[in-house]
Amino acid sequence: MQEAVSRTGVDIEWLVHELRVHQIEIEMQKEEMDEIRTRLETGLERFPESYDSVPIGLVSIKREGVIRAANRAAADLIGIERLRLINRPLGRFVSEPERPALKTFLERIFDGGADEACELRLAGNGGARTAVTVSATVSEDGKECLAILADITELKKKEEALREELQHHRALFENARVAISQVDEGGTFLRANKRFEALTGYTQEELKGMNIREIMHPDGAGQVKEMIAGQVRGEIAPIFLEEYYVCKNGSRKWGEIRSRAIRDGGGGFLSAVVAIVDRTRGKQMEKALADNESLGRSFFENASIAMFHSTLEPNRLLRVNSAYSRLLGYESPEDLMSASAGMDPFPEEAWDRKAFFAAMEQRNWYDGDYPLIRRDGGILIGKAAIRSVFKPDGSIDHLEGIVENITERKRAEEVLQKRDRELQEKTKSLEEVDAALKVLLKNLEKNQEELTERFLINIREQVLPCLVKLKKTPLNQAQRALINSAEAYLDEIASPFVQKLTSSYLNLTKKEVQIAVLVRDGKTSKEIAEIVNVSKSDVDFHRGKLREKLGLKNQKGSLTVLLRTLSHEGPRERP
């Protein structure tokens with residue numbers, strides 16, 4: 001904004017300077033032409049032959065506007081051979097839109113006889129337009145006048161460029177994003193741009209005639225008055241102040257006011273450019289920022305969690321809150337800062353500096369263990385969250401962080417870790433015992449199988465042959481039946497069918513196994529009852545249990561058929 005106001009003031013000063021230079025050039029040229037004309041009139045009367053050698057265009061014009069004579073310089077300006085100019089109207093060699101002006105000019109010259117001057121554009125055969133200023137003096141007899149044609153083409157180009165520049169700067173002034181006004185030496189508004197109107201609520205017409213002090217707050221009106229007065233005296237350079245200004249609707253806003261004097265070529269005061277930038281929102285934000293900063297300071301100082309600010313390298317404390325100082329056993333932050341001045345608060349043996357600095361370099365934040373030395377010399381293990389705070393240029397200004405005391409948690413974790421290691425050792429020991437028991441059990445099962453095999457072999461090879469021999473001796477019927485039953489039982493014990501029935505999968509009792517064998521052989525419940533010496537109802541009960549355990553409960557399947565299927569053997573014939 002300051003640059004824009006400065007630029008506007010400089011541009012206006014430049015335009016004023018250029019306009020004054022242009023005005024001086026015109027005045028000098030007019031004086032020069034008057035002097036030349038006087039000398040010409042005198043010289044031509046005394047030396048008529050010098051008419052043609054004068055370097056400035058001379059044309060003798062009759063009252064009718066016809067050229068009677070012209071020198072070489074005039075012919076060159078018009079762009080026509082001199083002989084072709086004679087006895088022809090001068091208006092033919094003037095651009096058509098300006099011929100009426102030439103006619104009026106000649107009429108005034110011949111009627112009044114006073115010196116006159118006008119500006120025209122000559123149109124020669126080449127099509128070029130040469131700008132000239134024409135001044136003339138009527139002869140004594142009043143029949144003709146001597147006109148001097150002065151080439152002002154370059155001057156006109158400068159004037160046009162200056163006009164365009166002036167229009168450009170006027171457009172910049174009107175459409176600037178900064179509220180700009182121009183005031184006189186008393187502070188009265190001369191003009192204002194659109195932004196100034198929008199900012200204050202006053203229109204251009206309303207502002208004209210008003211004094212800038214009328215839109216200023218009373219506290220700042222005197223400053224503005226003295227500001228402009230000092231610039232008029234030339235005592236004050238471009239100035240800047242902040243003050244309230246009052247809008248048309250009565251609202252009061254905070255503004256940044258800048259002023260720059262515009263002076264002429266001699267340093268005289270012309271006017272002052274006054275710009276206002278609305279800083280109301282900025283002031284509100286500053287107040288909110290100050291309130292937030294105060295709130296943040298209060299939060300920092302009164303927080304229940306330990307907070308600190310520190311440098312990065314070397315790691316030194318800059319500021320701590322009360323909770324932080326209590327955490328380390330100090331009565332106040334001041335006591336802690338005084339005691340820790342120039343000290344490294346971190347125990348070397350418990351502080352992994354490499355991990356900390358690596359995290360800050362890679363991520364600009366750190367979250368991990370943060371050991372500290374307490375006032376009594378003990379080591380406190382903290383859990384910290386730390387981040388970098390940057391300067392506007394991107395470099396690190398300081399670190400800020402919070403710390404939680406996790407010493408007890410760390411001790412508990414160490415105890416748990418120790419117990420975990422002990423459990424792992426006990427588990428490993430139990431796994432070794434389990435492996436040994438599995439080997440022992442496997443050996444027992446193997447021994448049991450071998451024992452069972454020897455038992456069955458003994459039944460088949462030793463007991464059963466003895467029963468066969470015993471059957472060949474004289475026996476009564478009862479003895480023979482008992483021997484047959486014993487032979488059958490032993491035979492069944494040694495058979496795969498009985499081994500299936502006695503498996504843990506079926507979970508059959510000894511009585512159920514005995515009855516299952518007799519059912520498989522086709523014995524009726526009555527016959528089975530006599531053989532095993534129980535009642536028929538007991539046999540029926542056991543048959544029901546067999547059907548349940550073998551999956552035939554509430555089904556029509558035959559128990560006898562199922563048992564024969566399990567044994568893959570038909571009923572045995574008893575001898």
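These legends walk you through a predicted model of a protein, one view at a time.

**View 1. The whole protein, before we zoom in.** This predicted model holds 19 helices and 15 strands. Of its 575 residues, 37% count as buried. The protein exposes about 34,800 Å², and carbon and sulfur atoms supply 52% of that area. Looking at contacts between residues at least 6 apart in sequence, 45% join residues at least 24 apart. Searching the whole structure for salt bridges turns up 19, and the next views visit some of them.

**View 2. Glu206 and Lys248 form a salt bridge.** Their closest N and O atoms are 2.7 Å apart. This pair links distant parts of the chain: Glu206 belongs to helix H7 (residues 204–207), while Lys248 lies in the loop between strand E8 (239–246) and strand E9 (252–263), 42 residues apart. Glu206 is partly exposed, at 30% relative accessible area, and Lys248 is partly exposed too, at 45%.

**View 3. Arg233 meets Glu226 in a salt bridge.** Here the N to O distance between the side chains is 3.0 Å. Arg233 counts as partly exposed, with 45% relative accessibility. Glu226 is also partly exposed, with 45%.

**View 4. Arg520 and Asp521 form a salt bridge.** The closest N and O atoms of this pair are 3.1 Å apart. Are these two residues buried or exposed? Arg520 counts as buried, at 0% relative accessibility, and Asp521 is buried as well, at 11%.

**View 5. A network of salt bridges links five residues.** Look for Glu119, Lys156, Glu159, Glu160 and Arg163, which are joined together in this network.

Conventions
Residues are numbered from 1 along each chain as its sequence is written. This is a predicted model: local features need pLDDT of at least 70, side-chain atom pairs count only at pLDDT 80 or more; totals for chains, interfaces and linings use all residues. Side-chain values use heavy atoms; hydrogens and water are left out. Helices (H or I, at least four residues) and strands (E, at least two) are DSSP runs, numbered from the N terminus. Buried means under 20% relative accessible area, exposed over 50%, partly exposed in between (1.4 Å probe, protein chains only). Contact means heavy atoms within 4.5 Å. Accessible areas come from the Shrake-Rupley method with a 1.4 Å probe; for residues, only the protein chains shown count as cover. A salt bridge is a side-chain nitrogen of Lys or Arg within 4 Å of a carboxyl oxygen of Asp or Glu.
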